[in-house]
Amino acid sequence: MTSSGSYHHGDLRRALLAAAVDAIAESGPAALSLRDLARRAGVSHAAPAHHFGDKAGLLTALAIQGFDKLGEALRGAGDDFRESGVAYVVFAVRHRAHFEVMFRPDLYRADDPELVAARQRTGELLRGGVARHTGREPDTDALAAWSIAHGFAELWLAGALPSRVGADPEPAARAVVGRLFS
C-alpha cells in the first residue's frame, strides 16, 4: 500500500485480504463488496474477481487465513488446556473480522478443500488439547470446551457481558475456561 492507502505493487492478494479485514471490521461481512475492496486497494474493480472469483471466494480465503491464524494461537498456548481456551478468546478479539467469517459457512465455500483442511487442522488441535487434559474420548469434551470458549468470545465481542467481568478478556476467559473439567 502506498501512503494514500492505494495498492502500488507487490502482493495484491494479501492487500485485498487486508482491505477485507478492514471493511468487515467497519461494517460486518454481509456488507462486504468486491467493488469496495477494489476502491480501498486502489485497483480496478475487476482485480478482486481475478484473485478470488467472487465474494464467496474472497471470504473462503479469509476463513482459511483465520483458521491458520487460530491454529498458530492454539499451538502458542502449548499443552496448557486453560491457555488454549484463553488463546481462542484472544484470537477472536484480536482477529474479529476473521472470527466473524470463519464460523459462518453460509458466507463462503464450505467444501473448499483448502478450507476443509485448515478447519480440520484447527479442530485436531482443539480435540488434542482436550484429550490430553481429560484423558477421555475427546469429541464430546472438545465440543463442550469449544462451545464455552466460542460462546464467551461471542458474548465479549457483542459487549453483552456484565461490567464486573472487567475490560481485559484474558483473565476473564482464564477464569471461565478454568471451570471446565475441574
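Reader: Which residues of helix H2 (residues 34-41) are buried?

Author: A word of care comes before the reply, since this is a predicted model. In helix H2, the buried residues are Leu-34, Asp-36, Leu-37, Ala-38 and Ala-41. The cover over these buried residues includes helix H1 (12-27), helix H3 (47-52) and H4.

Reader: What does Leu-37 touch, once residues up to four places away in sequence are not counted?

Author: With that exclusion, Leu-37 touches Leu-16, Ala-19, Ala-20, Ala-23, Leu-32 and Leu-58. One of these partners, Ala-19, can be read from its own side: Ala-19 lies in helix H1, and it touches Leu-37 and Arg-40 when residues up to four places away in sequence are left aside. Ala-19 counts as buried because its relative accessible area is 4%, and buried means under 20%. The C-alpha atoms of Ala-19 and Asp-36 are separated by 9.0 Å, although the two residues are 17 apart along the chain.

Reader: What does UniProt list for residues 33-52?

Author: The UniProt record, an unreviewed entry, lists residues 33-52 as "DNA-binding region", and that label should be read as coming from the record. From the coordinates, the span is 70% helix and 0% strand, and its end C-alpha atoms lie 12 Å apart.

Reader: How should I place these helices within the whole chain, and how many helices and strands are there?

Author: The chain has nine helices and zero strands, and its C-alpha atoms fill a box of roughly 55 × 40 × 25 Å along the principal axes. Of its 182 residues, 40% are buried. Among contacts between residues at least 6 apart in sequence, 65% join residues at least 24 apart.

Reader: Which domains does the assignment give?

Author: The domain assignment gives domain 1 (1-53) and domain 2 (54-178). Their centres, taken over C-alpha atoms, are separated by 25 Å, and the contact takes 15 residues from domain 1 and 15 residues from domain 2.

Reader: How many residues does the largest nonpolar core have, and which of them have the most contacts inside it?

Author: The largest nonpolar core has 43 residues, and those with the most contacts inside it are Leu-32, Leu-37, Leu-58, Leu-59 and Tyr-108. H4 supplies the largest share of this core, nine residues, and the core draws at least three residues from each of domain 1 (1-53) and domain 2 (54-178). There is also a second, separate core of six residues, which includes Val-130, Ala-145, Val-177 and Leu-180.

Reader: Where is Thr-60 placed, and is it buried or exposed?

Author: Thr-60 is in helix H4 (residues 55-76), and it counts as buried because its relative accessibility is 4%. For a polar side chain, one then looks at its polar atoms: a polar atom of the Thr-60 side chain lies 2.8 Å from the backbone nitrogen of Arg-109. Not counting residues up to four places away in sequence, Thr-60 touches Tyr-108, Arg-109, Asp-112 and Leu-115.

Reader: How many aromatic pairs does the structure hold, and how is one of them to be read?

Author: A pair of aromatic rings is described by the distance of the centres and the angle of the planes. The structure holds six aromatic pairs, and one of them, formed by Phe-99 and Phe-103, is edge-to-face, with 5.5 Å centre to centre and 70° between the planes. Phe-99 counts as buried because its relative accessibility is 2%, whereas Phe-103, at 25% relative accessibility, counts as partly exposed. Phe-67, Tyr-88, Phe-99, Phe-103 and Trp-146 form one aromatic cluster.

Reader: Where does Phe-91 lie, and what does it touch?

Author: Phe-91 lies in helix H5 (residues 81-94), and at 3% relative accessibility it counts as buried. Not counting residues up to four places away in sequence, its contacts include Leu-70, Ala-73, Phe-99 and Met-102. Phe-91 and Leu-70 are 21 residues apart along the chain, and their C-alpha atoms are separated by 6.4 Å.

How values were computed
Residues numbered from 1 in each chain as written. Predicted model: local features only at pLDDT ≥ 70, side-chain atom pairs only at ≥ 80, totals over all residues. Heavy atoms only, no water. Helix = DSSP H or I, 4+ residues; strand = E, 2+ residues; numbered from the N terminus. Buried < 20%, exposed > 50% of the residue type's maximum accessible area, 1.4 Å probe, protein only. Polar contact = N/O pair within 3.5 Å; in protein donor to acceptor, adjacent residues only side chain to side chain. Contact = heavy atoms within 4.5 Å. Core = buried A, V, L, I, M, F, W, Y, C linked by side-chain atoms within 4.5 Å. Domains from an automatic or database assignment. UniProt positions renumbered as here; feature names shortened; annotations may be inferred. Phe/Tyr/Trp six-rings, centres within 6.5 Å; stacked < 30°, edge-to-face > 60°.
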